[in-house]
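Q: I'd like a close look at one part of this protein. Keep it brisk and stay with what the model shows.

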Amino acid sequence: MTFYSDSLNTLIASDTFEYLTQMQDNTIDVIIADPPYFLSNDGISNSGGKMISVNKGEWDKNNNISVEDFYRKFLNEAYRVLKPNGTIWLFGTMHNIYLLGYLLPKYDFKLLNNITWQKSNPVPNLSCRMFTHSTETILWAKKSKGKHIFNYSVMKEMNENKQMKDVWTTPTINRSEKRFGKHPTQKPLSLMIRILQASAKENDVILDPFVGSGTSMVAGTILNMKTIGIDNSTDYLDIAKKRIIDFKNEKIGKIK
């Protein structure tokens, strides 16, 4: 079950729910989750100007459970393992983020922010029948009675001594972040670092239940935070392991 571990990081090869149910209550400071969007429906997408299949893998198909039930089950476990003052970050697109936002208060979460992540160089829309998709949404929530951490002064200092706004802009992932392979929904390292700088402190315990290529764990390693990453794909876990070990050679892209 333990795929890799060092003084800060633990990679777990497991079904997320199987492992989460074994975790103790109130043990995690911050959860960063990029759950399946369930978009693998045999449609088409765009990569480098070429038409490709939208299918990302079996992990992105809801074969045995409805999308809503999957998210309900996840949020229930996430609430249980979070410490009383812990927070959760949820990535999503228009296809799933509204459902997640609807479910959060039903599991006693309070929404803190709706971050708009703007991609400065999005892929064109091949259909030419709608606007180019250039953003994703990141929801930041706490337990309804919790007193969450927000490193306000750090964020203000990073933003030329002005309050940081809820629109963050980055280019897509740079080459160094894909040097060992890539994940179809991989996020920029700069984005993960900002999330942790905003909401966690050194030696906090960070959980990524859908860890993919391990960007959250690389960010945690850079910031000296303890991380736990779960995935059922040993191929992606191998990429994550290599990135963690070689984290000093990661190049952090620009973020505004």
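Over which ring does the charged end of Arg194 sit, and how far is it from the centre of that ring? From there, please take me through the largest nonpolar core.

A: This is a predicted model. The charged end of Arg194 sits over the ring of Trp168, 5.1 Å from the ring centre.

Now the largest nonpolar core. It holds 31 residues. Those that touch the most other members are Ile28, Ile31, Phe74, Leu75, Ile88, Leu90 and Leu207. Several helices and strands each supply at least two residues, among them α1 (16-20), β3 (28-33), α2 (67-81), β6 (82-92) and β8 (135-143). Helix α2 gives the most, with six residues.

Take Ile31 as a way in. Setting aside neighbours within four places in sequence, Ile31 is in contact with Phe74, Ala78 and Val81, and also with Leu82, Thr87, Ile88 and Trp89. Leu207 and Pro209 complete the list of its contacts.

Trp168, the ring under Arg194, belongs elsewhere. A second, separate core of 23 residues includes Trp168, along with Ile195, Ala200 and Met225.

β6 pairs with β3 in the parallel sense, over five bridges. Ile28 has Leu82 of β6 as its bridge partner. β6 also pairs with β8, here in the antiparallel sense and over six bridges. There, the bridge partner of Leu90 is Leu139 in β8. Ile28 and Leu90 are both among the core residues that touch the most other members.

Next, the rings. The whole structure contains eleven aromatic pairs. In one of them, the centres of the Phe17 and Phe70 rings are 5.1 Å apart and the planes stand at 70 degrees, so the pair is edge-to-face. Phe17 is in helix α1 and Phe70 in helix α2, so this pair ties together parts 53 residues apart in sequence. Phe17 counts as buried, at 8% relative accessibility. Phe70 is buried too, with a relative accessible area of 11%.

Phe70 has another partner. With Phe38 it forms an edge-to-face pair, 5.2 Å centre to centre and with 85 degrees between the planes. Phe38 lies in the loop between β3 and β4 (44-47), 32 residues from Phe70 in helix α2, and the pair links these distant parts of the chain. Phe38 is buried, with a relative accessible area of 13%.

These rings belong to one aromatic cluster: Phe17, Phe38, Phe70, Tyr71, Phe74 and Phe210. Phe74 in this cluster is also one of the contacts of Ile31.

How far can you trust the picture? The mean pLDDT of the protein chain is 91, and 91% of its residues reach 70 or more. One stretch needs care. Over residues 40-56 the pLDDT is below 50, although this stretch has 34 contacts in the model beyond near neighbours in sequence. Where pLDDT is low, the predicted coordinates should not be read in detail.

Key:
Residues are numbered from 1 along each chain as its sequence is written. This is a predicted model: local features need pLDDT of at least 70, side-chain atom pairs count only at pLDDT 80 or more; totals for chains, interfaces and linings use all residues. Side-chain values use heavy atoms; hydrogens and water are left out. A nonpolar core is a set of buried Ala, Val, Leu, Ile, Met, Phe, Trp, Tyr and Cys residues joined through side-chain atoms within 4.5 Å. Buried means under 20% relative accessible area, exposed over 50%, partly exposed in between (1.4 Å probe, protein chains only). Helices (H or I, at least four residues) and strands (E, at least two) are DSSP runs, numbered from the N terminus. Contact means heavy atoms within 4.5 Å. pLDDT is the predictor's confidence in each residue, from 0 to 100. Two strands pair if DSSP finds at least two bridges between them. Rings of Phe, Tyr and Trp (its six-membered ring) pair if their centres lie within 6.5 Å; planes under 30 degrees apart count as stacked, over 60 as edge-to-face and the rest as tilted. A charge sits over a ring if NZ of Lys or CZ of Arg is within 6 Å of the ring centre and within 35 degrees of the ring normal.
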